[in-house]
Amino acid sequence: MLVHWARDEGWLVFYVPKGRDWTHGGFFYKNPQTGLWDTPVQAANILQDFLKCNEARLQQLKCQICHPIPLGEGAGVGWMKGVDSMAMPEGSTLYDLIQTGVTYSHAAVGVVVRLRKELALVKDIPVLLAIDQYNSWFTFSEYEEPATVRSCRPIHARELATVNAYRSMMHNEMMVGAFSHSTAVGKLRKDLPDVPAEARVNFPRYTFDEAATVCHFYLRQRLIRREAFSEENWKKVYYLSNGNGAEMRWLAPFLSSSGLALEHPM
C-alpha cells in the first residue's frame, strides 16, 4: 500500500518485493577489488524491475557521480579482457546508467551499487526504498565457498555486494523494510546492525472489524465475485488466514458460493 501511494504521489520508488531473491540463485563470484561477492544475474533483474516502474522519472534525473563504473565477472562469461571499468558519458541520466547495467553483464553489480549512491543524491523528487523480506538480508545466503577439501563456508547476505549496498538504514532517505515469516529466516535479535534501535515496529494482524472492511473492499474491486460473497465466506477467509493480510489477499479470489475452492484440476 505504501509503495502504491508513493508512486501515485510522484515519488521515485525503489521497491524490492522479494529480498530473498537477492541471496538465492544465479552465479556468484568473489570480487578481488571489493572483497564482496558479485551476483550479476540478480543485479540485472534488480535494474530491470526498477526501470520498468520508473522509466519516465529516471530519464529526467541526471547522474551526480562521474566516476567510471567498476566491472566484475559477467554471468557465466568471466572477466572482460584488459578492461576493469566503464565510463559514463557526460550528461548521462539515471536511465542511461541503468541501461548500461542491463546491457553489460560485467557492469550490472557495479551499476546497482552506484545506483544506491545516486539515489542518495536525488533532490528533485522524494525517494522511497521499500524492501519486503528484509529479514533475509540478516542471515546466510544459499551460497558457499570452499573452506577445506571437505567443507564449505556459508556466505552471509552482508557479504553480497548488492545487499551490502542497500541493507543499511543509517541514512537520510525514506526506507521501509518489512519482515516476512515465510522465508524460514527464524527470529532475529532485536538490535540489528545498521538499523536504528527505534526503527523496528511490530504490525499486528487484522482485527475482525479490519478484516471485514478489507473483504468488502475486495468485493468492490471485484477481487471477490458478488455471488460468492457472504458473511460466512469472508469469515472463513479471516479465520483461515488468522488475520494475515497477504494470505487474505491470496485467498479472496478462491471464494465460491460453496465456500473456499482451493483445489485445482491436474
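Guide: Axes here are lines fitted to C-alpha atoms, for helices over the stretch in contact, with angles from 0 to 180 degrees between N-to-C directions; helices (H or I, at least four residues) and strands (E, at least two) are DSSP runs numbered from the N terminus. The model is predicted, with local features needing pLDDT of at least 70 and side-chain atom pairs pLDDT 80 or more, while totals for chains, interfaces and linings use all residues. Residues are numbered from 1 along each chain as its sequence is written, and side-chain values use heavy atoms, without hydrogens or water.

The axes of helix 2 and helix 4 lie 8 Å apart, at an angle of about 45 degrees.

Helix 2 contributes Pro40, Ala43, Ala44, Ile46, Leu47 and Phe50 to the contact, and helix 4 contributes Ala108, Val109, Val111, Val112, Leu115 and Leu119 (heavy atoms within 4.5 Å). By class, this contact has 12 nonpolar residues, with no polar and no charged ones (Ala, Val, Leu, Ile, Met, Phe, Trp, Tyr, Cys and Pro count as nonpolar, Asp, Glu, Lys and Arg as charged, the others, Gly among them, as polar).

The largest nonpolar core has 47 residues, and Phe14 and Trp137 have the most contacts inside it (buried Ala, Val, Leu, Ile, Met, Phe, Trp, Tyr and Cys joined through side-chain atoms within 4.5 Å; buried means under 20% relative accessible area, with a 1.4 Å probe and protein chains only). Among the elements giving two or more residues to this core are helix 2 (40-58), helix 4 (108-119) and strand 1 (12-16).

Technical notes:
Buried < 20%, exposed > 50% of the residue type's maximum accessible area, 1.4 Å probe, protein only.
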